[in-house]
Amino acid sequence: MFRIPENRSTWAGYGLLMIVIAALSFSNLPDLRFDTHDNEFIVDSAHLLDRFSPALFFDNTAIQGRPTFNLYIWFAFKLCGQDPSGYHILQAILHLLASLLLALSFRRLGAGFELSLIAGLLFLINVAHFRAVHWISATGYILALICGLLVLLMVHQALSTGRQKWLWGTIPVIIAAVFAHPSLIAITVFYPYLAWQHGRPIKETVYRTLPQFLTALAAIAFILFAYSDTPQIRAIVHSPGPIDLLQNLLWFWGRQLTTAHWLPESLQLDRSEAWERGVGALFLAFSVLLSLRQKGPLRFWTIWALLLTLPFLTANLGDNASGPSRYLYVASAGTTLIFTAGLNSLSQWIPAQIRPFFMPVLLILLVASSWRSLKEAEAISFYQSGRSYIAQGDIETGALQFENAVTHYPLRVPADGYFRLAAASFARGISPEAFLQKVRPHTPDKPHLDILLHLCAFLKENPESWDRMEHNVRDILDTGDASLLKETARAYFNLG
């Protein structure tokens with residue numbers, strides 16, 4: 001790769017570059033409104049904490065099992081109130097901070113300087129985990145990664161300097177990490193691993209690890225006791241079989257590659273397909289082989305990626321247009337370095353004459369592709385936000401979010417989204433005609449929109465046109481599209 005000096009000026013310049021790229025990549029997030037449960041969690045957490053109630057740790061209204069997230073929401077509420085723009089700006093800042101900490105962690109744990117900087121940048125613009133950056137209720141994943149990286153940096157400092165105060169300092173950070181997301185109990189594995197790499201005696205390693213392990217265990221025990229009905233615990237109790245878990249593992253690893261810095265139009269984000277699981281198997285095998293060959297930091301971050309994928313394999317994705325995206329956030333810290341190392345290995349095969357230009361040009365292309373794909377991913381987030389508002393009866397805000405989704409990338413707005421909006425509007429005697437006319441030129445699903453536009457005529461006091469509109473609707477339905485028939489019936493029902 002190319003060589004740059006490692007000094008404070010370089011780190012400062014890198015930080016400035018990351019800020020600029022983050023601003024460009026997430027500039028539209030302030031326009032994104034609340035999504036499912038966002039507003040409820042904000043109000044509940046703020047209410048509990050304003051009373052300094054112990055219910056923060058036991059109440060079922062705030063996010064269960066996530067006290068760190070609830071504390072963050074209270075702080076954010078003090079700054080932003082119920083304005084979603086402020087929360088999204090804070091979320092982008094936290095993601096930027098996590099990316100910078102990750103680059104520093106890569107470097108401190110032995111990765112090359114240039115490799116660390118590039119991996120931190122690629123994590124910042126990684127498309128696979130976009131949901132964790134776009135959805136306010138998913139901020140806990142970012143907080144969990146930040147706390148986990150702080151623990152790693154403190155452990156490294158303790159092992160490098162011999163000052164045990166750094167190890168004792170990890171205790172509250174481990175609690176914060178586990179309370180941000182229980183999967184971060186895995187962070188306790190990495191002290192003995194790093195101690196082994198530093199050649200520390202087994203007896204000393206066990207002695208130094210015990211306080212951390214007991215702290216994490218106590219935090220998990222508390223969550224199990226205080227939040228016995230959390231979705232995570234229900235998922236573990238009703239865990240799928242071994243074959244399903246393996247398929248999810250391969251799907252999640254495949255998704256880390258198939259949506260890393262691009263978002264193929266043919267890819268169904270909420271669906272696990274055999275070819276994508278095959279990609280996951282190949283990527284997992286490549287990661288393991290690369291870590292065995294190069295050892296050092298690559299082995300460490302491969303273990304990280306594996307351990308922090310496992311807790312999410314029992315998750316119920318449900319009706320989620322973004323698939324497992326948010327569950328990939330913490331694990332993608334590891335896969336990003338593997339991906340970057342793979343690009344570095346690829347560069348060794350490039351002819352010597354053009355090798356100095358290969359990585360800079362490739363990075364420019366990846367940044368451009370990620371920027372384009374993140375805008376496409378925003379369409380999914382705007383669509384899901386719009387669905388949430390429509391379900392709550394706020395048709396106007398839902399229509400605005402749908403309009404933003406269509407503006408960003410119409411192919412990512414499912415046809416059923418228009419029917420959701422139209423059906424909810426019809427049920428309240430509101431005509432969505434103006435919205436449908438506005439988005440029609442930008443969407444490929446014109447038959448769906450045409451039916452809804454024809455149905456809008458029934459809300460007008462012009463009975464003479466109703467028969468003609470009914471005839472037009474039947475002409476479109478003659479195509480025999482079963483989903484179109486079903487959604488049209490639903491629209492008629494809501495009209496009635």
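**Exercise 1. Helix α9 and its surroundings**

Helix α9 is followed by Gly199, whose phi is positive, near 75°. The model is predicted, so local features need pLDDT of at least 70 and side-chain atom pairs count only at pLDDT 80 or more, while totals for chains, interfaces and linings use all residues. Residues are numbered from 1 along each chain as its sequence is written, and side-chain values use heavy atoms, with hydrogens and water left out.

Task: find the buried residues of α9 and say which helices they pack against.

Solution. 
- Step 1: helices (H or I, at least four residues) and strands (E, at least two) are DSSP runs, numbered from the N terminus. α9 covers residues 190–197.
- Step 2: go by relative accessible area, with buried under 20%, exposed over 50% and partly exposed in between (1.4 Å probe, protein chains only). In α9, Phe190, Tyr191, Tyr193, Leu194 and Ala195 come out as buried.
- Step 3: look for contacts (heavy atoms within 4.5 Å). The buried residues of α9 pack against α7 (139–161), α8 (165–180), α10 (202–226) and α14 (296–307).

**Exercise 2. The chain as a whole**

Task: work out what the secondary structure content is and how the radius of gyration stands against the globule rule.

Solution. 
- Step 1: the protein chain has 22 helices and 0 strands.
- Step 2: the radius of gyration is taken over C-alpha atoms, and the rule is 2.2 Å times the number of residues to the power 0.38. For 496 residues, a compact globule would sit near 23 Å; the chain has 25 Å, so the two agree.
- Step 3: along the principal axes, the C-alpha atoms fill a box of roughly 90 × 65 × 45 Å.
- Step 4: of the 496 residues, 54% count as buried. Take the contacts between residues at least 6 apart in sequence, and 75% of them join residues at least 24 apart.

**Exercise 3. Salt bridges**

Solution. 
- Step 1: a salt bridge is a side-chain nitrogen of Lys or Arg within 4 Å of a carboxyl oxygen of Asp or Glu. Searching the whole structure gives 11 of them.
- Step 2: Glu376 and Arg412 form one, at 2.7 Å from N to O. Is Glu376 buried or exposed? Glu376 counts as buried because its relative accessibility is 4%, and Arg412, at 12%, counts as buried too.
- Step 3: Lys438 and Glu403 form another, with the closest N and O atoms 2.6 Å apart. Lys438 is partly exposed because its relative accessibility is 49%.
- Step 4: Asp450 and Arg440 also pair up, again with closest N and O atoms 2.6 Å apart. Arg440 has 25% relative accessibility, so Arg440 counts as partly exposed.

**Exercise 4. A pocket and a cavity**

Task: describe the lining of the second largest pocket and that of the largest cavity.

Solution. 
- Step 1: work on a 1 Å grid over the protein atoms alone: a cavity is a set of points where a 1.4 Å probe fits but cannot get out, a pocket is an open set with protein on both sides within 12 Å along at least five of seven lines, and lining residues have an atom within 4 Å of a point. Points are joined across faces, edges and corners, and a volume is the space filled by probe spheres set on them.
- Step 2: the second largest pocket has a volume of about 450 Å³. Its lining has 22 residues, of which Gln268, Asp270, Ala321, Arg412 and Pro414 lie nearest the centre. The elements giving two or more residues to this lining are α16 (355–391) and α18 (415–427).
- Step 3: sort by class, with Ala, Val, Leu, Ile, Met, Phe, Trp, Tyr, Cys and Pro as nonpolar, Asp, Glu, Lys and Arg as charged, and the others, Gly among them, as polar. The pocket lining has 11 nonpolar, 2 polar and 9 charged residues.
- Step 4: there are 3 cavities of 30 Å³ or more, and the largest cavity has a volume of about 50 Å³. Its lining includes Gln256, His261 and Phe283, and helix α15 (residues 332–347) gives the largest share, 3 residues. By class, the cavity lining splits into 4 nonpolar, 5 polar and no charged.
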